[in-house]
Amino acid sequence: MDYQSINAGPVKKLNWLDLPHDLTLMIIGKLTTFEILTSTQFVCPKWQRICMDPLLWRTINMCDIGIRNSVDYKLEKMCRHAIDRSCGQLIDISIEYFGTDDLLKYIIDSGCHKLRHLRLVQCFYGISDKGLCEIAEKLPLLEELDITLCSRVSSIALEAIGRGCPLLKSFKYNDNSGGNEEALAIAQNMSNLFHLQLVSNYFDNSGLSAILDGCPHLESLDLRLCHDVELEGELRTRCDEQLKDLRDPDAPLDDFQFKGLCFEIAYDDAVFDYLNEKQVQEQEYSEIASDDTIYEYKKREAERVEKENLDEADWEEIYAIWESIKNPRLWYKRLIRGSSRGKKNNTKSKEKKKPLFINLQNLLSSQSHHTLKSFLMSQI
């Protein structure tokens, strides 16, 4: 046996509160913004103080929250709160469902001009050309931009972004019904791109040729589901020579990050179904609560009636039955004679036996009058 194992003391349990501040900060930083704001910061006072550190909010990730949480929580308000905690040090933010032009403006007004990564996903109605044009000039350090399923963003915004963000190296413009106008805007204003993803858009070969001409540094190009593009002949040869990574229009979507996302109509239907489900559940809960209330009322009423019956019970008769158990002859005389003498003797006997009667009453106080009477009669 190893010498160290023999002399080793008991294993000390790890106390998370004893971890250094920087290590705890790093661990909490692995969680999503939604998890931190809704649960982590409420674990203990120390974690709450750590969750106020601006370094924790340099990255704000509010994607993959789910449709139900997007309905149940005020996500935009939560996001603004997280932006405030960054104290202008925000460099990476991801927004899904709840993005609006006002929220983009709030990012800029909060002094977050160092932003390098911006991700807008399924912001169907809130993000528009106007909002992106207003912030484009104020994000000179932006390097990565993702606009997926934001149908109100067109070539107008793409031109403004290209002019205002000269360091932009990676651009994703997916499922936005972009055509040749959007392709031309990219070609003329985003010459420094290295990575371009254009999944499910509607430009054709002319738009693709313009992109290849205007983006000489382009290394990867994703054309999946762009079925108006026909990669044949010289265009195909050019793509193979200029690009290191090319995804054909017919390539599978297995590794596509946003596979399974829905459009506006499907999202609205999902929200509608969830709200109906919540309404049904609330009705069921209210009915259950009502049933419980009725049950408790009936139970209390039954106990009250039983108590009244017990209080109004003919304890004289019950006592007589009890006495008959001890003295059957006395009981028999009462039944035959019913004389006043018997009643007087019974009264004296009751006074004499009062402690026994009281013990009997206390012992069987939970029994109703008729139940107690039946019990005593069974003893004769």
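Is Phe34 buried or exposed? Phe34 is buried, because its relative accessible area is 11%, where buried means under 20%, exposed over 50% and partly exposed in between, with a 1.4 Å probe and protein chains only. Before I go on: this is a predicted model, so local features need pLDDT of at least 70 and side-chain atom pairs pLDDT 80 or more, while totals for chains, interfaces and linings use all residues. Residues are numbered from 1 along each chain as its sequence is written, and side-chain values use heavy atoms, without hydrogens and water.

Now the rings. The whole structure has 3 aromatic pairs; rings of Phe, Tyr and Trp (its six-membered ring) pair if their centres lie within 6.5 Å, with planes under 30 degrees apart counted as stacked, over 60 as edge-to-face and the rest as tilted. Phe34 and Tyr73 are edge-to-face, because their planes are at 85°, with the centres 5.0 Å apart. Phe34 is in helix H3 and Tyr73 in the loop between helix H5 and helix H6, 39 residues apart; helices (H or I, at least four residues) are DSSP runs, numbered from the N terminus. Tyr73 is partly exposed, at 36%.

Next, a charge. The charged end of Arg80 sits over the ring of Tyr106, 4.7 Å from its centre; the rule is NZ of Lys or CZ of Arg within 6 Å of the ring centre and within 35 degrees of the ring normal.

How values were computed: Helix = DSSP H or I, 4+ residues; strand = E, 2+ residues; numbered from the N terminus.
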